[in-house]
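Trainee: I have a new model open and would like to learn how to read it. Could you walk me through a few features?

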Amino acid sequence: MIISMKLHSTQAEVAAVCERIEHFGYKIHTIEGAERVVIAVIGVGDVTPCLESLEAMPQVEKAVRITAPYKFVSKEYKKGRTRIQVNGLEIGGDEFIVMAGPCSVESEKQIMESAEAVAAAGANILRGGAFKPRTSPYDFQGMAEEGLKLLRKAREATGLAIVTEVMSDADVPLVAEYADILQIGARNMQNFSLLKSLGKAGRPILLKRGLSSTIKELLMSAEYIVAHGNKDVMLCERGIRTFETVTRNTCDIVAVPVLHEMTHLPVILDPSHATGKRSLVAALSRAAVAIGADGLIVEIHPCPEKAVSDGAQSLHIPDFEKMMRSLQPYVELWKQARMTEAPVAV
Ligand code: PEP
Ligand code: MN
């Protein structure tokens, strides 16, 4: 952290700031310019309490953080990619991962047909919500444990791993019993008691970006999970709220390489919630592969017209198959790019 003192600060004022820094256990290195004193703060650990205390001192002009406030999820902490093992798959590794399935689990027939379509199209993981975060309390809220049981059945029938949402800390043990990956939805990205409880969930986490959250806030939420004991976290860009209304959300597609620059965690893109329109899903999915995402999470439905949630953005099964085929050349290039990545010393 670098502290810039106000112009012409007195020696006593500089000394008071230095004393405050030392009180937090850091070392100091002062640089005396012609008009201004700059203080370099040296030490390890989270500087936030010290920074906030210094910002409150009237003689301090500016306090600037040099290292990121997140630690475990940063590239400084770990140079190589985090590779997450799930049911024989590696997320964040050398394979492009596709998760697909309906927004909500609705019935045995619906989830079985979806699961078979996901497996037949060559996708890797089945999605389906049993606990649904709905804007209206009068909308379908999910089948809860009944839905989880159906997901288990689909897993047994197809061998596909399951990703499903958990909305409260009380439900984490139950959902973890059935799911291979726990999804934290956009609305819960900053539910800190839920994030803390995921530390001991024993399952990888798919953390979706909040509706209006910054990339740094997403990383801070991931930091909660890792700091509480679970290092298997993947991040998901699912669009953010902007002034644009043509699409349901605005896909911040550059968040994918931005996150890859900032963190070692895998980055998944959700083209369904990002657009809200099935006609846009395939194009955005190809863009996600091209920009280097680690995988996709896509909504499909055997009969989207009858879906209880997110029908307009859910692909019909033949269109999903077509999309999977259209991704192939992009995935080949994606693999070449991964193979030729400079090896990192870890
Ligand atoms: C979902 O995946 O169905 C969902 C509710 O997503 P999000 O949390 O991104 O809105
Ligand atoms: Mn949905």
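Mentor: Gladly! Let us start with His273, which lies in helix H9 (residues 271–275); helices here are DSSP runs of H or I with at least four residues, strands are runs of E with at least two, and both are numbered from the N terminus. This is a predicted model, where local features need pLDDT of at least 70, side-chain atom pairs count only at pLDDT 80 or more, and totals for chains, interfaces and linings use all residues. Residues are numbered from 1 along each chain as its sequence is written, chains are lettered from A and ligands numbered from 1 in the order in which they are written, and side-chain values use heavy atoms, with hydrogens and water left out.

Trainee: Is His273 buried or exposed?

Mentor: His273 has a relative accessible area of 9%, so it is buried. Buried means under 20% relative accessible area, exposed over 50%, and partly exposed in between, with a 1.4 Å probe and protein chains only.

Trainee: Which residues does His273 touch?

Mentor: Leaving out residues up to four places away in sequence, His273 touches Arg127, Lys208, Arg238, Arg248, Asn249, Glu299, Asp310 and Gln313. Contact means heavy atoms within 4.5 Å.

Trainee: What should I know about phi when I look at Asp310?

Mentor: Most residues other than glycine have a negative phi. Asp310 is not a glycine, yet its phi is positive, about 55°. You will find Asp310 in the loop between strand E14 (295–299) and H11. Ala144 also has a positive phi, of about 55°, and sits in the loop between strand E8 (125–127) and helix H4 (145–158). With 27% relative accessibility, Ala144 counts as partly exposed.

Trainee: How do I describe a pair of packed helices?

Mentor: Two packed helices are described by the angle between their axes and the distance between the axes. For helix H10 (residues 278–290) and helix H11 (residues 317–339), the axes come within 9 Å and cross at roughly 15°. Axes are lines fitted to C-alpha atoms, for helices over the stretch in contact, and angles run from 0 to 180 degrees between N-to-C directions. H10 and H11 are therefore roughly parallel to each other, the word for angles under 35 degrees.

Trainee: Which residues of H10 and H11 meet?

Mentor: On the H10 side they are Val281, Ala282, Ser285, Arg286, Val289 and Ala290, which meet Met323, Ser326, Leu327, Tyr330, Val331 and Trp334 in H11.

Methods:
Angles under 35 degrees count as roughly parallel, over 145 as roughly antiparallel, 65 to 115 as roughly perpendicular and the rest as oblique.
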